Each structure stands twice: as structure tokens, then as C-alpha cells.
Amino acid sequence: MKALSIRKLTKKYNNGFEALKGIDLDVDSGDFFALLGPNGAGKSTTIGIISSLVNATSGSVTIFGHDLQKDRERAKTCIGLVPQEINFNQFETVKHIVQIQAGYYGIGQKEAKQRTERCLRQMDLWTQRDTVSRRLSGGMKRRVMIARAMVHSPKLLILDEPTAGVDIEIRRSMWELMEEVNKQGTTIILTTHYLEEAESLCRNIAIINNGQIVEHSDMASLLNRLNIDHFVLDLAEPIKSAPHCTGYQIDKISDRSLSVGVPKEQGLNKLFEMLTAHNIKVISLKNKSNRLEQMFMDLIGSSAAEQS
């Protein structure tokens, strides 16, 4: 069964702006799915419609077989939403925030307590259960929101920028939590501006731009289409200008570093041979950007060019 099936979904506002222009989208049950796009592309509108916070102009949304228009209550029970902004009462305790959410779904008090404990333990928050939430770190507040979204055992968890504003260490610990939630059977849709996050976690991906889906495929196939890898080379000695090496895109960043575009068919060995011929010694290299970031920029650029 599909976790999510969207057909010809549109959203047109009173001022004439079309946020969505008849998009189609499928997410398989159990998937870890990335929904990416630049600001204003239509991601938030799509998520708003799926979670019943925004009304579509036309089209259909089906969540685990439940039509969102015809069977809204059942469809909504299948979804847990973690929004971008911290939106709970920060003067309430962690336990109360999660437990009261269970009540909104008709879960009895005894079961709500059991579910709250389970979710808080899963998010490594049980020791903070009686803490007033405003005293928590940013990363802990994010985990409270995930626990709250999961307390009614949704089949589909929507994470809207879940690691925004947290440092890299907390972000990576949250990646582990999200992977574990997915392994336990929960379908996850992730939106993020950290493209390395999507590349690391997600198996399938859709990219939306100007209200249209411009790419919908599995992550591996998408990345295989990227023909050039970009690297930064750190040099042993300063240079005056970037050398010319046939078949490579080389730019000078500083006296001791170069930016290099390496076509897949060329590889690095030949590059190093050419640099050695120019008496340039490389002491280290690193990826300039992750592969998905490059592909993302290419797709958005192509989409903008087609619509201009």
C-alpha cells in the first residue's frame, strides 16, 4: 500500500498565485522520503494540505488508503507532523506536552501515560519528563516535538526542517533517532535545507520548484546522473594562478587552495599527474559540496530556465 498518493493537486490563492500546479506524488509504505525545493517552491503548501492545515483548490490526497476529503478523520490519525517552529507551551513539562497530545486522538489516560513514557524513552527524554520545556536545549525541544507527533502511533511522520538551528553534533544524533524510527516501520517524509541530511537518510526523493515536481526518483539513480564531482585541494606551496589541466575545471580559491571539477570519466589520478607536471603538490582534498547539492542546483536552474 502507498503511504501517500497525490493526484493533480493544485492550490490557488485569491490573489491569483498558484502555489501548486497539479502535482502528482507517491510515497511507498516504510519509505524514508525527501521532499526538497527552494523557499517558496511549494513544499510547505504541500505539507499543509497533507496534514489538513491548508485546503487544496483541486486534486486528491490519499493517506494509507484513506481519502483526505472523504475520510478526513481516519486519514489524520495516520499522520504525525513535526513543524519547523517550536509550537508547544514552553511553560509546561515535557511529559504533559506529549501526554495531552494523546488525548486529542481519543487515547485514554492510562494508555496515554504508557505511550508518553515509550515515546520519551525512544527520544532519550525520559529523564527530562518533569522538566519545564523552556529549560531544554534546542535539540531537546526538537525531540519533544517528535515524541509528541508519535504518541498516537502514526504510520506517516512528516518532519519539516527537524534539525533547523541545531549544531552538527545534535543534528547527527537526531539523524540516528530518525533512522531508528524508520527502521521500526514508520514512513517518514523529510523536508530540509541541509542537503547532506537528505542524501544520507533518504532512499527516494522529489524536488519541487515553482509549484511543480521537477524530479521524482530514487536517490541512487538521481546521484548517478551527476557527471562532475567538486573538490577543494589544499596545496603545499602558494601559487600565483590556477593551472590549466585539460578536461578539468580548476579555479583558484586562495594562494594555497584550488577548486576543481572532476568529470567521472577523468578521475583524480590523471589530475594529480597534471598538477605534478606544474610542480603543484596537493597535501589534502575534500568535497566542495555534497553530490545532492550539485544535482539540486542543476535541476532548479534547468526548471527556472524552462519557465522563463
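In the predicted model, strands E11 and E14 (residues 282-287) run antiparallel and are joined by 5 bridges. Within this pairing, leucine 233 is placed opposite leucine 285 of E14. Strand E11, which spans residues 228-235, also runs antiparallel to strand E13 (residues 257-263), and 7 bridges link these two. Here histidine 230 faces glycine 261 of E13.

The chain as a whole contains 10 helices and 14 strands. Its C-alpha atoms occupy a box of roughly 75 × 45 × 35 Å along the principal axes. Of the 308 residues, 46% are buried. Among contacts with a separation of 6 or more, 67% are made between residues 24 or more positions apart. The side chains include 39 positive and 36 negative ones, and a distance of 5 Å separates the centres of the two sets.

An open sheet is formed by 4 strands with antiparallel pairing, in the order E2-E1-E4-E5. Its edges are strand E2 (18-28) and strand E5 (66-67), each of which pairs on one side only. Strand E1, residues 2-12, is paired with E2 in the antiparallel sense over 8 bridges. In this pair, lysine 11 has leucine 20 of E2 as its bridge partner.

Helix H1 (residues 43-50) lies across E1, E2 and strand E4 (58-63), and its direction makes an angle of about 115° with that of E1. H1 is largely enclosed by the rest of the structure, because 7 of its 8 residues are buried. These buried residues are Lys43, Thr45, Thr46, Ile47, Gly48, Ile49 and Ile50. Serine 52, which follows H1, has a positive phi near 70°.

Positive phi values were also found at lysine 8 and glutamate 161. Most residues other than glycine have a negative phi. Lysine 8 is not a glycine, yet its phi is positive, at about 50°. This residue belongs to strand E1. Lysine 8 has a relative accessibility of 61% and therefore counts as exposed, the cut-off being over 50%. For glutamate 161, phi is near 55°. Glutamate 161 is located in the loop between strand E7 (156-160) and helix H6 (168-183). With a relative accessible area of 5%, under the 20% limit, glutamate 161 is classed as buried.

Methionine 219 is part of helix H8, which covers residues 219-224. Its relative accessibility is 4%, so methionine 219 counts as buried. When neighbours within four places in sequence are set aside, the residues in contact with methionine 219 are Ala198, Glu199, Cys202, Arg203, Asn204, Ile205 and Leu292. Phenylalanine 88 lies 131 residues from methionine 219 along the chain, and the C-alpha atoms of the two are 34 Å apart.

Notes. Residues numbered from 1 in each chain as written. Predicted model: local features only at pLDDT ≥ 70, side-chain atom pairs only at ≥ 80, totals over all residues. Heavy atoms only, no water. Buried < 20%, exposed > 50% of the residue type's maximum accessible area, 1.4 Å probe, protein only. Contact = heavy atoms within 4.5 Å. Lys, Arg positive; Asp, Glu negative; His and termini not counted. Charge placed at Lys NZ, Arg CZ, Asp CG, Glu CD. Pairing = 2+ DSSP bridges. Axes fitted to C-alpha atoms, helices over the stretch in contact; angles between N-to-C directions.
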